[in-house]
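My notes follow in the order in which I checked things.

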Amino acid sequence: MDFRKKLQSSSATIEKDNDRFLPKQQLEQQPLEAKRMPNIKVFSGSSHRDLSERICERLQLDVAKASLKKFSNKETNVEIGESVRGEDVYIIQSACGEINDHLMELLIMINACKIASSSRVSAVIPCFPYARQDKKDKSRAPISAKLVANMLSVAGADHIITMDLHASQIQGFFDIPVDNLFAEPAILKYIKESIPNWQEAVIVSPDAGGAKRVTSIADRLNVDFALIHKERKRANEVEKMTLVGNVRDRVALLVDDMADTCGTICLAAEKLVEAGASAVYGFCVHGIFSGPAIQRLNNSVFEAVVVTNTIPQEQNMKKCSKIQCIDISMILAEAIRRTHNGESVSYLFSHVPMQLKFFSFYASTLLTSKSMLKLAILLVLRLTCTLAQNYETGDNSTVRGCSSHCSVYDSDLTCLNGSLQFYERLLLAQMRHFVAVQMHIDQWYKWHSKHGHRNYTTVKEEIIAKLSSQLEPEDVIDEETIANVVNILIDAVEKGTETIEERIPRFTCPLPCEYRYDIWRNVFIASMALNLLLVIAIIPFIISLIRSDVPETLMDNQNEACRRLLLDELDFLKAMYTMEELEINEPQDPAENGQITRLTLRQQVDGINYEVVMHLSSEYPIILKPSAFVRCSLINCDLLNRELRYFINQETLGTPLALIIMQWISDNINRFKGMIEKQTVQIVDNVGGTNNTKYARFWIYSHHIYNKIKRRMIKDTAALYRLDGFFCPGKPGVIILEGFRIDCDKFWEQIRVLNWQRIILRHCEEQTNPSFFRLGKFREIQFPHAKYLTELKKILTEAGLEYGFALLLNL
């Protein structure tokens with residue numbers, strides 16, 4: 001045991017002994033304090049200050065203070081200007097410019113924060129230094145990337161965040177967690193927004209090493225890809241290039257992880273133009289642009305060269321107008337936020353995070369969908385209350401200035417004067433409306449009464465009596481005051497009535513005599529708005545329930561459990577059967593959902609040689625059951641497979657069924673041996689020309705067919721049953737097949753069990769005449785995305801099946 005482990009062991013023992021002397025209350029509080037998440041500090045190295053500021057801006061943080069300078073002998077000096085004790089520290093430093101100096105500066109900053117008692121130190125390295133020296137490609141060559149990894153670990157780094165490593169195996173050089181983010185989502189977003197006619201483009205890799213990157217982008221854009229094979233004389237010099245693929249009259253998008261001297265991509269661009277490409281765009285994650293790179297780009301045939309800002313590009317963009325830059329600071333900022341909060345970063349592998357600037361960093365980490373819904377509800381309620389308050393006061397202009405919290409103890413008269421002005425305006429409005437209403441009453445008497453006018457003395461007495469009855473004991477006004485005011489106002493009414501000719505004064509209702517109904521209208525509008533917000537909040541959950549019957553986190557756990565059970569069962573089968581008896585075709589990427597493992601077992605029972613084929617989904621055995629069928633010329637396979645499907649359906653989920661299926665077949669296969677003679681007679685009759693043989697044409701519609709495993713499975717299954725027809729990958733996916741009805745049914749039973757978002761048998765045609773077949777040998781047909789439906793309809797029309805177009809699309 002080394003010194004560090006001994007020290008940790010001894011400190012743990014001391015803490016355990018000390019716990020016996022702590023009060024019980026303090027002991028209960030300790031776990032709560034241990035779970036508390038530390039604060040965060042983001043430091044910037046001197047390599048890329050602009051990127052650090054962009055990241056901190058999106059996190060709503062300030063760049064932490066640190067002094068970075070050099071002594072006269074060129075040694076690096078670092079001074080951390082803020083306390084980092086117990087903090088979650090992130091240091092941003094990229095590999096650009098003086099790489100060695102910047103690397104040393106990063107190591108010193110990591111060590112300085114580590115010995116200053118920081119809780120965790122994470123190095124954010126957008127462009128990893130020495131990433132191209134990742135293997136020993138010749139004698140006595142160093143593996144410098146491994147050396148850099150060791151230096152970072154020894155310096156004290158607890159976590160590494162980087163972007164688009166030149167070789168993914170560099171992650172294995174570390175003994176600490178490494179998050180290798182991808183700029184691919186940002187590049188895809190740029191292509192869709194900025195490249196004209198990108199649907200007809202071709203994604204091109206300048207070398208074989210980038211084939212995986214290019215195929216991933218091509219699959220997500222649903223376009224074709226091509227490859228350029230290059231041979232180098234020496235580093236940064238290319239001797240020969242060969243293009244594999246067709247780019248004639250199409251836009252070529254050349255994609256690579258980094259561009260250094262740009263010799264490779266410029267030669268590749270010229271090769272693409274020679275091959276007939278209408279335009280060439282370059283995409284590189286890390287734009288190093290050293291040596292003659294800028295001059296080569298200015299003289300190149302590129303329309304534009306798009307890079308990210310993992311390396312500063314301001315000066316390069318001034319020197320070359322073809323260089324354009326994609327900002328990836330939001331990806332790194334979201335990775336820092338998720339790492340700080342202990343969340344998964346896998347979302348960033350396929351999405352560009354939203355740029356929300358109006359929430360602070362801490363608010364964005366705490367706000368969930370429920371709290372957002374609560375805030376929206378509170379906002380709507382607040383607006384409703386404000387509208388209701390305005391209606392209660394009547395004239396909206398009188399709301400301002402009045403306050404019931406004024407007091408004689410206030411330091412000035414601002415509050416009281418404001419309330420006084422409010423009531424002055426209100427009193428003036430009430431007197432004006434009172435006189436106007438009385439004048440309207442007088443006019444009514446002129447039109448409807450025999451006398452033509454009222455007795456104003458009687459009117460005064462009635463009003464004074466009515467208002468006096470509403471006075472409270474020890475009120476601030478008395479009956480005499482009311483009488484004086486009423487006499488003056490009624491005199492004004494009498495005088496105004498005598499002089500009025502045409503226009504009668506208009507009055508409004510400042511008190512809630514009319515608006516009381518509007519309040520309920522606003523409550524109804526507010527409730528409808530709340531219901532709409534509730535629906536918007538619930539829609540994502542409904543979609544997740546439609547796609548899956550279980551939550552995403554539980555689904556991930558079940559997929560992992562399925563994978564473990566499947567691997568255990570495969571190991572058990574390998575131990576029971578020989579290589580001649582058992583054949584396993586495993587998927588290329590077992591971790592990807594929807595993959596199919598195919599088992600072929602060859603057995604002999606009582607002289608009957610038979611073959612069992614099983615398809616095991618990645619969700620077997622917990623979520624989906626297996627698909628199995630038997631092939632043998634000595635038994636009635638149709639009846640056997642029918643009973644076998646029934647037997648599988650009766651079994652419960654969660655149990656590995658491969659051995660159980662094999663045992664059931666072994667126990668029951670003899671029952672179907674006696675039926676072969678009748679089946680043979682039926683086949684002879686069919687060959688003799690009777691009309692009992694049924695042929696069928698299946699029209700199958702799917703949401704899409706992109707997965708390569710599914711496409712290969714469709715072709716292999718159609719070849720197995722000797723079916724005719726074709727299928728079209730893309731969106732929507734179409735499968736049209738012809739053959740014996742029983743073979744078509746077998747094809748459908750095996751294909752439908754795959755993990756589809758949606759697949760349906762639209763229509764089935766049956767005939768007894770062999771001239772029914774029109775489509776020829778089964779094949780895959782790919783159409784350009786923009787002309788997909790047009791070309792499909794054209795092929796069906798040429799085959800005399802134009803009616804099938806409406807059947808497939810359910811028109």
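Entry 1. I began with R213 and D256, whose side chains meet in a salt bridge at 3.9 Å, N to O. R213 sits in helix α7 (residues 211-221) and D256 in strand β11 (residues 251-259), so this pair ties together parts 43 residues apart in sequence. I noted that the model is a predicted one. The N to O distance of 3.9 Å falls inside the cut-off, since a salt bridge is taken as within 4 Å. I then looked up the cover on each partner. R213 is partly exposed, as its relative accessible area is 21%. D256 counts as buried because its relative accessibility is 9%, and buried means under 20%.

Entry 2. Next I looked up R711, which forms a salt bridge with E780, with 3.0 Å between the closest N and O atoms. R711 belongs to helix α22 (residues 708-720) and E780 to strand β23 (residues 779-780), so parts 69 residues apart in sequence are tied together by the pair. Is R711 buried or exposed? R711 counts as buried, at 19% relative accessibility; the limit for buried is under 20%. E780 has a relative accessible area of 24% and is therefore partly exposed.

Entry 3. I turned to K114 and D158, a salt bridge with its closest N and O atoms 2.7 Å apart. This pair links distant parts of the chain, 44 residues apart: K114 is in helix α4 (residues 99-115), and D158 is in the loop between α5 (144-155) and β6 (159-163). K114 is partly exposed at 30% relative accessible area, and D158 is partly exposed at 26%.

Entry 4. How many salt bridges does the structure hold? I recorded 28. I also found D50, R54, R58 and D327 linked in a network of salt bridges.

Entry 5. I looked up H48, which lies in the loop between β1 (40-44) and α3 (49-59). H48 is buried, because its relative accessible area is 4%. Its side chain reaches the backbone oxygen of N309 at 2.8 Å. Which residues is H48 in contact with, leaving aside neighbours within four places in sequence? I listed N309, T310, I311 and P312.

Entry 6. Last, I checked the surface. L427, L428 and M431 make a nonpolar surface patch of about 260 Å². L427 is in helix α14 (residues 414-448). L427 counts as exposed, since its relative accessibility is 52% and exposed means over 50%.

Conventions:
Residues numbered from 1 in each chain as written. Predicted model: local features only at pLDDT ≥ 70, side-chain atom pairs only at ≥ 80, totals over all residues. Heavy atoms only, no water. Patch = residues over 30% accessible without salt bridge, like charges linked within 9 Å, V, L, I, M, F, W, Y side chains within 5 Å. Areas by Shrake-Rupley, 256 points an atom, 1.4 Å probe, with all protein chains shown as cover. Helix = DSSP H or I, 4+ residues; strand = E, 2+ residues; numbered from the N terminus. Buried < 20%, exposed > 50% of the residue type's maximum accessible area, 1.4 Å probe, protein only. Polar contact = N/O pair within 3.5 Å; in protein donor to acceptor, adjacent residues only side chain to side chain. Contact = heavy atoms within 4.5 Å.
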